[in-house]
Amino acid sequence: MYTGKLTKHIFRSQIYAGTVRDYWVYIPEQYKEHMSANLMVFQDGFYYIDEEKPMDVPNRIDRLIELGKIPPTVCVFINPGVIEVPSKPEHHPDSQRSLEYDSVNDQYARFLINELLPEALTGINISQNPQSRAIVGFSSGGICAWSVAWFRSDVFGNVLSHCGSFVDIRGGGKFPYLIRNEAPKPIRMYFQSGEQDLDTRYGNWALGNKQMAAALKFKGYDYQFEFGQEGHNLVHGAELLEASICWLFQ
């Protein structure tokens, strides 16, 4: 059981007008007010905090801090927004997940940096060094993590992507081209995919991740790409989680 404090909150956005979402903040026991803590931000937050799921991030963070492998690290876990409507028994809220995560623009970065994080991190001393900050996600959340760093590498210098959707759902398949044709940005990336990852009308996830790796290599980025045998899930990512966090914050 983690020893820090995990608190749940609700956030209503102006940038994504009419949406509401849950988010959680985890402050490890080792964090003290005089410190300048590292920061990790997780999209699809519910995938990463459930102790019965493979990621179980708060306990993993505790262990890495206790072993002295990373500094005290505050984590923010954010769910996608849903359209807020008057409560009706027959109504199921419409998720904004694909709009927020798969779009290749700076809207989610602005939402995160200008709206949600200032509220979530009130009273917490977080390092302003982009290399002490990482942004994380699974599937569409993985490409979202890259997009945030791509548009705001002055705020987030590290990306962790699990089976990232670097395919043409909303234009994300063009990222390898953009990487190859723009000046390198100060971003470090750790990402993984597998032989059984998705293959749909939007593209092939394994191939999309391989193309990202090739583009990053071509432009001289600092990256780590792990390709395994798993499908579109968090099993392989969970196996690599502690090593990936240590690599990002090395």
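Tutor: Buried means under 20% relative accessible area. The model discussed here is predicted.

Student: Is Cys 144 buried or exposed?

Tutor: The cut-off for buried is under 20% relative accessible area. Cys 144 has 2% relative accessibility, so the residue counts as buried.

Student: How far is the nearest cysteine sulfur from Cys 246?

Tutor: Cys 246 is in no disulfide. The nearest cysteine sulfur is that of Cys 75, and the distance is 13 Å.

Student: Which helix gives the largest share of the lining of the largest cavity?

Tutor: The largest cavity has a volume of about 40 Å³, and its lining includes Cys 144, Ser 147 and Val 148. Helices H3 (97-102), H4 (107-120) and H5 (140-151) each give two or more residues to this lining. The largest share, three residues, comes from H5.

Student: How many charged residues are in the lining of the largest cavity?

Tutor: Glu 100 is among the residues that line the largest cavity, and Glu counts as charged. By class, the lining has five nonpolar and three polar residues, and the number of charged ones is one.

Student: What kind of aromatic pair do Tyr 2 and Tyr 26 form?

Tutor: Both Tyr 2 and Tyr 26 are buried. Tyr 2 lies in the segment before strand E1 (5-12) and Tyr 26 in strand E2 (residues 19-27), so the pair ties together parts that are 24 residues apart in sequence. The ring centres are 5.3 Å apart with 80° between the planes, and planes over 60 degrees apart count as edge-to-face. The pair is edge-to-face.

Student: Which ring does the charged end of Lys 185 sit over?

Tutor: For a charge to sit over a ring, NZ of Lys must be within 6 Å of the ring centre. The charged end of Lys 185 is 4.0 Å from the centre of the ring, which belongs to Trp 150.

Conventions
Residues numbered from 1 in each chain as written. Predicted model: local features only at pLDDT ≥ 70, side-chain atom pairs only at ≥ 80, totals over all residues. Heavy atoms only, no water. Phe/Tyr/Trp six-rings, centres within 6.5 Å; stacked < 30°, edge-to-face > 60°. Helix = DSSP H or I, 4+ residues; strand = E, 2+ residues; numbered from the N terminus. Buried < 20%, exposed > 50% of the residue type's maximum accessible area, 1.4 Å probe, protein only. Lys NZ or Arg CZ within 6 Å of the ring centre and 35° of its normal. 1 Å grid on protein atoms, 1.4 Å probe; cavity = no way out; pocket = protein on both sides within 12 Å on 5 of 7 lines; lining within 4 Å. Points joined across faces, edges and corners; volume = space filled by probe spheres on them. Disulfide = S-S within 2.5 Å.
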